[in-house]
Amino acid sequence: LQLSGLDYGQLVFNNTIALNAMVLAKPELSYYPYKYIPTKKPNSKGVVNLLKAISVKQLDIQDGSLHIMQDAVDSIQVSIATYNFTLYGGKTDPKLVSRKIPLKYDSYQLKAIDIFADLGKYETFKVAQLETSERKLMLKEVHLASKYGKKALSKYLAVERDYVDLEIPEVKFDNLEFGFDESRFELAIVSLNF
């Protein structure tokens, strides 16, 4: 973790932690739900009790990886081999931190490679490359597929289900808008190109 450009005037006079840049290099996030042991704690008011406002002109996450396992040792729920994320003009404070999106920002960029998601008993979803900013999203080598071959799939089914093997070389979404309306996530897409 590297921090630079701490504004001491903002900290002392405005009770705000203001940074020019924050860089997090090679973070590896792994979550194993089968190792989780619930504890009895009183209900909290929120995720974080933030005492100061925080402002970062540029936040960079470089060469990160993400792995979320299912309820067994060898089964992956979601995996991202490598990602780079940059957030510009990020701000949060004690009021914002309790919202669905706990910060405000000017813009962002995300690039990810080798994304995998297990969609349940029968299908998987893979993307070779993802690039997105605040209004655009591009996916390369999208693959939605059944976990089993056509004959093997019929052995696992009690009711009829389609065999899927969908490959799309590239998908582009333009003029994306997303956010929350009360508790519902909303996404609007003006154009979609294959």
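Student: Among contacts in the protein chain between residues at least 6 apart in sequence, what share joins residues at least 24 apart?

Tutor: The share is 50%, where contact means heavy atoms within 4.5 Å. This is a predicted model, so local features need pLDDT of at least 70 and side-chain atom pairs count only at pLDDT 80 or more, while totals for chains, interfaces and linings use all residues. Residues are numbered from 1 along each chain as its sequence is written, and side-chain values use heavy atoms, with hydrogens and water left out.

Student: Which elements does the protein chain have, and how do they run from the N terminus?

Tutor: The order is β-α-β-β-β-β-β-β-β-α-β-β, which comes to two helices and ten strands. Helices (H or I, at least four residues) and strands (E, at least two) are DSSP runs, numbered from the N terminus.

Student: Compact globule or more spread out?

Tutor: More spread out, because the radius of gyration is 21 Å, well over the 16 Å that the globule rule gives for 194 residues. That radius is taken over C-alpha atoms, and the rule is 2.2 Å times the number of residues to the power 0.38. Along its principal axes the C-alpha trace spans about 70 × 45 × 35 Å.

Student: Changing topic, where is T92, and is it buried or exposed?

Tutor: T92 is in strand 5, residues 76–92. T92 counts as buried because its relative accessibility is 15%; buried means under 20% relative accessible area, exposed over 50%, and partly exposed in between (1.4 Å probe, protein chains only).

Student: What does T92 touch?

Tutor: Not counting residues up to four places away in sequence, T92 touches L50, A53, I54, V97, P102 and L103. A polar atom of the T92 side chain also lies 2.6 Å from the backbone oxygen of P102.

Student: How many aromatic pairs are there?

Tutor: Two, counting rings of Phe, Tyr and Trp (its six-membered ring) with centres within 6.5 Å; planes under 30 degrees apart are stacked, over 60 edge-to-face, and the rest tilted. Y105 and Y108 form an edge-to-face pair, at 5.7 Å centre to centre and 80° between the planes. F85, Y105 and Y108 form one aromatic cluster.

Student: Last one: where does V159 lie?

Tutor: V159 lies in the loop between helix 2 (150–156) and strand 9 (165–181). At 63% relative accessibility, V159 counts as exposed.

Notes: A polar contact is a pair of N or O atoms within 3.5 Å; within protein, one must be able to donate a hydrogen and the other to accept it, and residues adjacent in sequence count only if both atoms are side-chain atoms.
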